[in-house]
Amino acid sequence: MKSLSKASTSAFSVISNHIGGIIAVIFWGLSFVSTKILMDDGGMTPTEAYVYRFTIAYALIWFFAHKRFFANNVRDELLLLLCGLSSGSIYFITENTALQFTLTSNVALLSATSPLVTILLVGLIYRSERPGMGVVIGSIVAFVGVVLVILNSMSGGVQFEGNPFGDLLALATAVLWAVYSLILRRLNVYYDAMFITRKTFFYGLITAIPFLFLQPSIMSPETAFSKPIVVFNLVFLALGASIISFFLWARAIEKVGAVVANNYMYLQPVVALIASVILFHEGITFLGISGFVLILLGLWLGDYLQARMNRRVAPSKPARTQNAEYGSEKEAKLRKCNTK
């Protein structure tokens with residue numbers, strides 16, 4: 001009975017973390033629209049939208065994670081700094097800037113290519129996890145889709161003329177997010193999700209300060225919070241798309257892995273596309289729709305074909321590799337705890 005109860009609890013934990021990853025991605029899909037509202041209706045710059053959002057988020061998260069200040073060592077502290085850059089200041093300022101140049105749905109779609117980028121980076125870093133032919137085929141299909149999306153921006157949608165510069169910025173965020181996911185893979189062995197999230201917000205805000213000084217002027221809090229629509233969107237971005245989503249995402253990365261969790265990013269452009277069409281009436285041509293479909297198809301194909309190839313070559317090998325990796329990480333965590 002005890003073993004059955006433990007198995008049931010374990011299964012529920014896995015399912016809940018999968019659901020948490022999906023919720024985080026849905027919030028992030030809506031965050032593109034919410035951020036665009038801050039810049040269009042609120043008059044904020046990309047840097048101001050980021051700073052106000054995460055200042056509120058950091059103030060809120062401090063109430064839940066304030067007991068521990070520093071990581072175990074300088075190396076991990078530097079990794080947390082990289083998290084603040086790759087998923088904080090540079091990531092969001094780049095993403096917010098992209099929203100000013102191209103379609104909201106384009107930014108969400110192109111940034112969602114991070115699963116493929118993650119797989120490629122994992123292959124470069126870990127020789128035992130190099131991408132196979134399935135991933136290569138999926139990458140080629142997705143790349144064709146990316147080209148079509150950029151061509152759609154160059155030709156202009158129904159009510160919007162895009163700029164490929166914004167699309168390139170969106171692609172850059174996919175690389176940044178992949179780097180962040182891989183860093184989490186290391187940090188989740190030793191630290192809880194809330195601590196990592198708080199430190200990521202902190203270093204993101206600190207590293208955003210130089211970007212503020214590059215602006216001719218900075219919007220005052222009185223002006224920023226003078227419109228109800230700005231307040232509503234800032235609260236949503238700070239609480240829902242930042243604290244809740246980053247916590248759920250860190251837990252998902254810890255429990256189901258960086259590559260599997262990143263697959264849920266497929267939902268992000270779908271949510272953003274629906275929301276942007278409803279709220280902004282953004283137009284998209286047949287070329288853009290074709291690119292949209294090809295990118296999602298390529299992302300799915302990469303996972304599906306690779307899984308089939310793995311089963312044909314060595315059905316039991318992936319499970320052993322994964323368990324071995326998990327076991328080594330768990331042992332490392334236990335050793336770390338014993339040395340405290």
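The model is predicted, so local features need pLDDT of at least 70 and side-chain atom pairs count only at pLDDT 80 or more, while totals for chains, interfaces and linings use all residues. Residues are numbered from 1 along each chain as its sequence is written, and side-chain values use heavy atoms, leaving out hydrogens and water.

**Exercise 1.** Work out which span helix 12 should have, and compare it with the distance between its end C-alpha atoms.

Solution. Start with the residues: helix 12 covers 267-280, which makes 14. Helices here are DSSP runs (H or I, at least four residues), numbered from the N terminus. Next, take 1.5 Å times one less than the number of residues. Finally, look just past the helix: H281 takes a positive phi of about 55°.

**Exercise 2.** Decide whether V136 is buried, partly exposed or exposed.

Solution. First find V136 in helix 6 (residues 133-155). Then recall the cut-offs: buried is under 20% relative accessible area, exposed is over 50%, and partly exposed lies in between, with a 1.4 Å probe and protein chains only. V136 has a relative accessible area of 38%, so V136 is partly exposed.

**Exercise 3.** List the buried residues of helix 12.

Definitions and conventions: Helices (H or I, at least four residues) and strands (E, at least two) are DSSP runs, numbered from the N terminus.
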